[in-house]
Amino acid sequence: MEVINAIGRRKSSVARVYLSEGTGKITINKKDLTEYFPSAILQYVVKQPLNLLECAEKYDIKANLDGGGFTGQSQALRMAISRALVKLNAEDKKALKEQGFLTRDSREVERKKPGRPKARRRFQFSKR
């Protein structure tokens, strides 16, 4: 089997994934999954598509993550892994799509407006 690559995005995070046959090792930016994401919840998010298809120990995953915070990065990685699995076997698409792993969450941070402290927040009103 050749190496299959896919890309996933969330907020300002971009995940590039390279999937190959192996023993289930996940490497992110040359670090192990448990080292890169110490939180068990984020590790669970990353492994969701693999656990759904029961192929967690079948493939080795190398990922390059860039931009954003840890939540956005983990969700971008989940999407990229899902896309790579669909490239590998098109029959898995239905199960992954039902769980929402193939849908790009397009919500982005709203920009700060001039004359305001944040995007929508206004300064405190003072009557006197």
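Which residue forms a salt bridge with K25? The partner is D32, and the closest N and O atoms are 3.8 Å apart. That sits just inside the rule, which asks for a side-chain nitrogen within 4 Å of a carboxyl oxygen. Keep in mind that this is a predicted model. How exposed is K25? K25 is partly exposed, at 46% relative accessible area. D32 is also partly exposed, at 30%.

Now the overall layout. The protein has 4 helices and 5 strands. Starting at the N terminus, the order is β-β-β-β-α-α-β-α-α. The radius of gyration is 18 Å, while the globule rule gives 14 Å for 128 residues, so the protein is more spread out than a compact globule. Along the principal axes, the C-alpha atoms fill a box of roughly 70 × 30 × 20 Å. Of the 128 residues, 34% are buried.

Back to the charges. Side chains of opposite charge can pair when their charged atoms come close. The count here is 7 salt bridges. Take K94 and E98, which meet at 2.9 Å, N to O. They lie 4 residues apart in helix α4, residues 93–99, so about one helical turn separates them.

Next, K113 and E110. Their closest N and O atoms are 2.7 Å apart, and they form a salt bridge. K113 is partly exposed at 21% relative accessibility.

Which residues make up the positive patch on the surface? They are R9, R16, R83 and K87. R83 belongs to helix α3, residues 70–88. R83 is partly exposed, with a relative accessible area of 32%. Patch residues need over 30%, so R83 clears that cut-off.

Last, the backbone. Most residues other than glycine have a negative phi. Two residues here go the other way. K11 has a positive phi of about 50° and is not a glycine. K11 sits in the loop between β1 (4–10) and β2 (13–21). Its relative accessible area is 42%, so K11 is partly exposed. E54 has a positive phi of about 55°, again without being a glycine. Look for E54 in the loop between α2 (40–52) and β5 (59–66). E54 is exposed, at 71% relative accessible area.

Notes. Residues numbered from 1 in each chain as written. Predicted model: local features only at pLDDT ≥ 70, side-chain atom pairs only at ≥ 80, totals over all residues. Heavy atoms only, no water. Patch = residues over 30% accessible without salt bridge, like charges linked within 9 Å, V, L, I, M, F, W, Y side chains within 5 Å. Areas by Shrake-Rupley, 256 points an atom, 1.4 Å probe, with all protein chains shown as cover. Lys, Arg positive; Asp, Glu negative; His and termini not counted. Charge placed at Lys NZ, Arg CZ, Asp CG, Glu CD. Helix = DSSP H or I, 4+ residues; strand = E, 2+ residues; numbered from the N terminus. Buried < 20%, exposed > 50% of the residue type's maximum accessible area, 1.4 Å probe, protein only. Rg over C-alpha atoms; globule rule 2.2 N^0.38 Å.
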